[in-house]
Amino acid sequence: MLPMIRTLSLLLLVCSLTVTRAADLTLPKLPRSKPRNIIFVLADDHRYDTMGFLNHPWLKTPNMDRLAKNGAYFPKAMVTTSLCSPSRASILTGLYAHNHRVVDNYNPVSPDLTFFPQYLQKAGYETAFFGKWHMGETDEPQRGFDQWVVFKGQGTYWPDGHGTTRVVPQTAYDGFNINGKKGIPQKGYITDELTDYALDWLGSRKSGKPFFAYISHKAVHSDFVPHDRHKGMYKDKPFNPPLTFPNTPENFDDKPMWLRNQRNSRHGADFGYNLPNFDLAAYYRRYCEALLAVDENLGRLFKWLEQKKLLDSTLIVYMGDNGFQFGDHGLIDKRTAYEASIRVPLLMQCPDILKPGTVIPQTVANIDIAPTLLEFAGLKPPTNMDGRSFLPLIQGKNVNWRENILYEYYWEQNYPQTPTMHAVVGERYKYIRYHGLWDVNELYDLQNDPNERKNLITDASQQDRIKQMNTQLFDMLDQSHGNNLPLLRDRGNVFPWRNPDKSKQAPFPDWFFRRTEHGP
Ligand SMILES: [Ca+2]
């Protein structure tokens with residue numbers, strides 16, 4: 001090919017690609033809808049039941065309570081993968097982890113993925129991101145955001161690290177990357193400072209365009225460090241371990257071996273974070289204290305919106321990126337398919353269009369956030385998202401909502417104690433299937449056993465259901481292109497440690513033992 005023609009062909013190719021990509025970002029406008037201003041506040045590892053209005057015995061969260069009272073509360077909100085980076089990627093793309101393939105906290109996110117704020121920008125929004133990005137180790141500005149204030153990895157609660165009791169992997173003291181300028185020092189407590197940046201940006205805007213602000217808190221990720229003004233506030237408060245905490249036959253006899261073994265691991269209550277003197281109660285109190293600044297800063301956003309007379313017309317969303325176990329099933333942290341791990345707080349208000357005190361009983365998930373917020377922006381969500389807009393549910397419309405949702409988690413070499421798993425989470429039953437493991441699966445009746453104490457997997461009366469839910473699981477995987485496992489490069493530290501003085505290795509279950517294939 002002549003050089004000139006080759007250059008021209010290349011140019012044409014580049015142009016057509018650019019045109020295709022740009023065209024893809026234009027979504028049809030919904031009739032009779034107005035693009036809402038949107039503030040999306042994401043907390044890290046905030047457990048679903050740790051909010052004042054849920055009759056918590058001593059925690060006070062007046063601003064979260066206010067959101068629930070003035071807007072909509074989703075008691076059955078969940079994430080489809082209970083881990084920071086995968087869940088964040090699902091929020092931004094509307095995709096299951098097997099499709100966006102951000103399945104650990106280390107590997108970077110593919111440049112081919114579209115983040116939903118890109119559609120908002122294209123539709124005339126001004127967009128901003130503040131805080132924890134945490135997909136890969138980067139703090140570099142990413143597509144979809146006009147304003148960018150981000151720290152690397154896990155960042156730090158305080159710039160001098162005070163209050164921390166252990167070294168958390170991916171902690172970073174590099175300050176902020178602001179619109180590509182690196183190393184802008186962090187001045188104070190992270191939760192306050194992120195809201196300062198958000199309010200500065202909101203207050204300085206002159207464009208008249210609708211806005212989308214994504215405030216992504218570091219709090220309340222472990223190691224939980226409350227602001228000095230909140231430190232010790234709950235130090236004398238009682239902590240009652242969950243029903244599934246005691247290491248009793250009643251709780252554990254029918255449970256998988258991996259779970260019984262995890263109790264004595266980095267993510268178990270016996271050897272939490274591999275600390276010899278791990279104190280579950282003290283950790284829980286500090287967690288609640290660290291949450292107070294998250295709540296107060298929600299209040300600052302309310303106040304600003306009130307002053308600008310934007311409170312009634314703006315959509316405010318508060319959500320957690322995954323749950324957190326505080327002794328549930330003998331575990332800490334997340335990743336599992338159990339309720340405390342997959343359930344998250346989700347609250348939203350927009351008085352102009354949402355009735356106060358709305359409670360949504362259906363299961364909605366992180367993959368539904370992108371399509372839902374696009375609808376609030378007056379746009380028809382793209383058809384390639386795995387999630388669905390739940391705006392019609394909030395508006396009380398009679399829609400045919402999904403009966404089951406898929407949960408997935410992919411084994412990380414860093415924390416080898418939690419296996420690859422898929423689950424079908426239904427309104428009543430939850431079926432959990434482990435992959436690549438010589439162990440038992442699980443079935444729970446969430447209506448009669450909300451604490452998941454009785455594994456029904458060997459129950460004779462449940463075998464038809466188990467078969468049916470297993471078929472459903474593979475149907476859902478087939479339909480969402482999830483029938484191959486993402487396998488990423490090993491990165492980061494590895495924590496396989498067990499404490500020789502704590503609980504012993506679990507035996508195989510009795511029913512695995514037989515002298516021929518057909519027993520006994
Ligand atoms: Ca998280």
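Two strands are taken to pair if DSSP finds at least two bridges between them, and helices (H or I, at least four residues) and strands (E, at least two) are DSSP runs numbered from the N terminus. The model is a predicted one, in which local features need pLDDT of at least 70 and side-chain atom pairs count only at pLDDT 80 or more, while totals for chains, interfaces and linings use all residues. Residues are numbered from 1 along each chain as its sequence is written.

- Strand β3 (residues 126–132) runs parallel to strand β4 (residues 147–151), to which 5 bridges join it; Phe-129 has Trp-148 in β4 as its bridge partner, and Lys-132 stands opposite Phe-151 in β4.
- The pairing of β3 with β7 is also in the parallel sense, over 6 bridges, and here the bridge partner of Gly-131 is Ser-216 in β7.
- Strand β3 is mostly covered, with 7 of its 7 residues buried, where a residue is buried if 20 or more other C-beta atoms lie within 10 Å of its own, exposed if 12 or fewer, and partly exposed in between, the C-beta atoms being placed from the backbone.

- Helix α6 packs with helix α9 (residues 280–307) at an angle of about 15 degrees, their axes being 9 Å apart.
- That angle makes α6 roughly parallel to α9, given that angles under 35 degrees count as roughly parallel, over 145 as roughly antiparallel, 65 to 115 as roughly perpendicular and the rest as oblique.
- On the α6 side the contact is made by Thr-191, Asp-192, Thr-195, Leu-199 and Leu-202, and on the α9 side by Ala-293, Val-294, Asn-297, Arg-300, Leu-301 and Trp-304, two residues being in contact if their C-beta atoms, placed from the backbone, lie within 7 Å.
- By class, the contact of α6 with α9 has 6 nonpolar, 3 polar and 2 charged residues, where Ala, Val, Leu, Ile, Met, Phe, Trp, Tyr, Cys and Pro count as nonpolar, Asp, Glu, Lys and Arg as charged, and the others, Gly among them, as polar.
- Helix α2 (residues 62–70) also packs with α9, at an angle of about 55 degrees and with the axes 7 Å apart, which makes α2 oblique to α9.
- Pro-62, Asn-63 and Met-64 of α2 make this contact with Asp-295, Leu-298, Gly-299 and Phe-302 of α9, and by class the contact of α2 with α9 has 4 nonpolar, 2 polar and 1 charged residues.

**Helix α3**

- Since 10 of the 10 residues of helix α3 (residues 84–93) are buried, this helix is largely enclosed by the rest of the structure.
- Among the elements that cover the buried residues of α3 are α4 (97–100), α5 (116–122) and α11 (369–376).
- The residue that follows α3 is Gly-94, whose phi is positive, near 75 degrees.

**Loop residue Phe-245**

- Phe-245 is found in the loop between β7 and α7 (249–252), and it counts as partly exposed because it has 19 C-beta neighbours inside 10 Å.
- Leaving aside its neighbours within four places in sequence, Phe-245 is in contact with Ala-269, Gly-327 and Gly-330.
- Phe-245 and Phe-326 are 81 residues apart along the chain, and their C-alpha atoms are separated by 8.7 Å.

**The antiparallel sheet**

- Strand β15 (residues 429–434) pairs with β16 in the antiparallel sense over 4 bridges, and the bridge partner of Tyr-429 in β16 is Asp-445.

Notes: Axes are lines fitted to C-alpha atoms, for helices over the stretch in contact, and angles run from 0 to 180 degrees between N-to-C directions.
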